[in-house]
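Look at the charged side chains in the structure below. The text that follows goes through them in turn.

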Amino acid sequence: MNKLTYVIKNTFVNMRRNPLLVIATMLAVLVSSFLVFTTLSGRAVVENNTSRWQNGVHVVIFLDDRVTTTAHKQLQESLESYPEVRMVDYFSKAEATEEFKFLFKDQPELVQEVDFEILPSSLRVNLNDPSDYKLIIERMEGNPAVKEIRASGEAIDRLLSLTNTLVISASVFAVLIAFAAFILIINTLRLTAYAKRREIKIMKNLGASSTYIRLPFIFEAIFESFVGTSIAIGLGWAVIQYSKGSVIAESIFDISISDTYLINLTLGLILCSIFFGLIASFIGIRKALND
């Protein structure tokens with residue numbers, strides 16, 4: 001018990017020697033961990049929404065009204081024969097009108113201005129594999145019954161590409177800040193070890209093991225890293241909870257992440273913070289112990 005008390009006491013004594021460096025280290029770890037937490041959570045949100053969108057309509061084929069209804073029916077039957085196609089729904093002009101009124105029910109002025117006669121009938125295509133949308137577009141091009149083709153896959157591809165770019169950028173930035181935090185921890189421990197070099201030398205002469213001498217420094221590094229990461233995780237959870245009730249969540253994204261994913265992410269970051277502090281502490285006081 002006396003040894004544990006010594007280790008804990010000296011951990012906080014060491015931290016009081018360089019309070020500004022300790023705070024700077026915690027802030028650096030906080031920013032880095034927050035970036036990692038929010039970036040990975042954001043990617044999970046995008047992937048969840050992408051999966052939801054991909055289970056809907058993948059290709060919309062707007063039909064040319066100048067072509068007979070028989071030609072539209074033949075086109076639908078042709079689409080249904082493709083192995084890539086799961087289902088094809090025909091949307092008449094009347095259904096398109098009702099859909100438009102529903103989508104823009106909060107904008108009555110717009111609804112009144114629209115000439116619903118210009119709204120075309122369409123075929124809504126659901127694919128077995130959403131990535132096959134390009135094949136459908138290629139096969140439909142030049143068909144006289146087709147007026148225009150739009151695919152959700154194009155938007156999904158762009159969204160995923162943008163998300164991956166943001167994840168990479170944020171990850172690089174987080175790594176740079178984490179590296180800065182790593183250097184700060186090492187320098188903080190080196191300054192503390194230098195100030196206690198006489199005490200360390202006496203302990204070594206009295207037969208104290210290197211592990212015993214290291215423990216206050218190890219605890220200090222782990223504590224700084226753990227506190228910064230814990231605050232970052234708390235802020236990350238708060239941001240997610242706030243986002244669930246935001247305008248974006250109500251209109252565009254479904255801000256839903258499974259508790260299992262968040263718990264695993266939290267535990268992973270905490271374990272990384274402990275390992276991070278452990279490695280930094282060994283590097284930081286290695287020279288002091290070897291002198």
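**Charged residues at the surface and in pairs**

Glu95 has a relative accessibility of 38%, so Glu95 counts as partly exposed. Buried means under 20% relative accessible area, exposed over 50%, and partly exposed in between (1.4 Å probe, protein chains only). This is a predicted model, in which local features need pLDDT of at least 70 and side-chain atom pairs count only at pLDDT 80 or more, while totals for chains, interfaces and linings use all residues. Residues are numbered from 1 along each chain as its sequence is written, and side-chain values use heavy atoms, with hydrogens and water left out.

Glu95 lies in helix α4, residues 93-103; helices are DSSP runs (H or I) of at least four residues, and strands are DSSP runs (E) of at least two, numbered from the N terminus. Together with Glu77, Glu80 and Asp89, Glu95 forms a negative surface patch. Such a patch joins like charges within 9 Å, from residues with over 30% relative accessible area and no salt bridge.

How many salt bridges does the structure hold? There are two salt bridges, each being a side-chain nitrogen of Lys or Arg within 4 Å of a carboxyl oxygen of Asp or Glu.

One of them pairs Arg66 with Asp64, with 2.9 Å between the closest N and O atoms. Arg66 is exposed at 76%, whereas Asp64 is buried at 12%.

Another salt bridge links Arg139 to Glu84, the closest N and O atoms again being 2.9 Å apart. Arg139 sits in helix α6 (residues 133-140) and Glu84 in the loop between α3 (69-80) and β2 (85-91), so the pair ties together parts that are 55 residues apart in sequence. Arg139 is partly exposed at 37%, and Glu84 is buried at 14%.

Definitions and conventions:
Patches are made of residues with over 30% relative accessible area and no salt bridge: like charges are joined within 9 Å, nonpolar side chains (Val, Leu, Ile, Met, Phe, Trp, Tyr) within 5 Å. Accessible areas come from the Shrake-Rupley method with a 1.4 Å probe; for residues, only the protein chains shown count as cover. Lys and Arg count as positive and Asp and Glu as negative; His and the chain ends are not counted. The place of a charge is taken as NZ of Lys, CZ of Arg, CG of Asp or CD of Glu.
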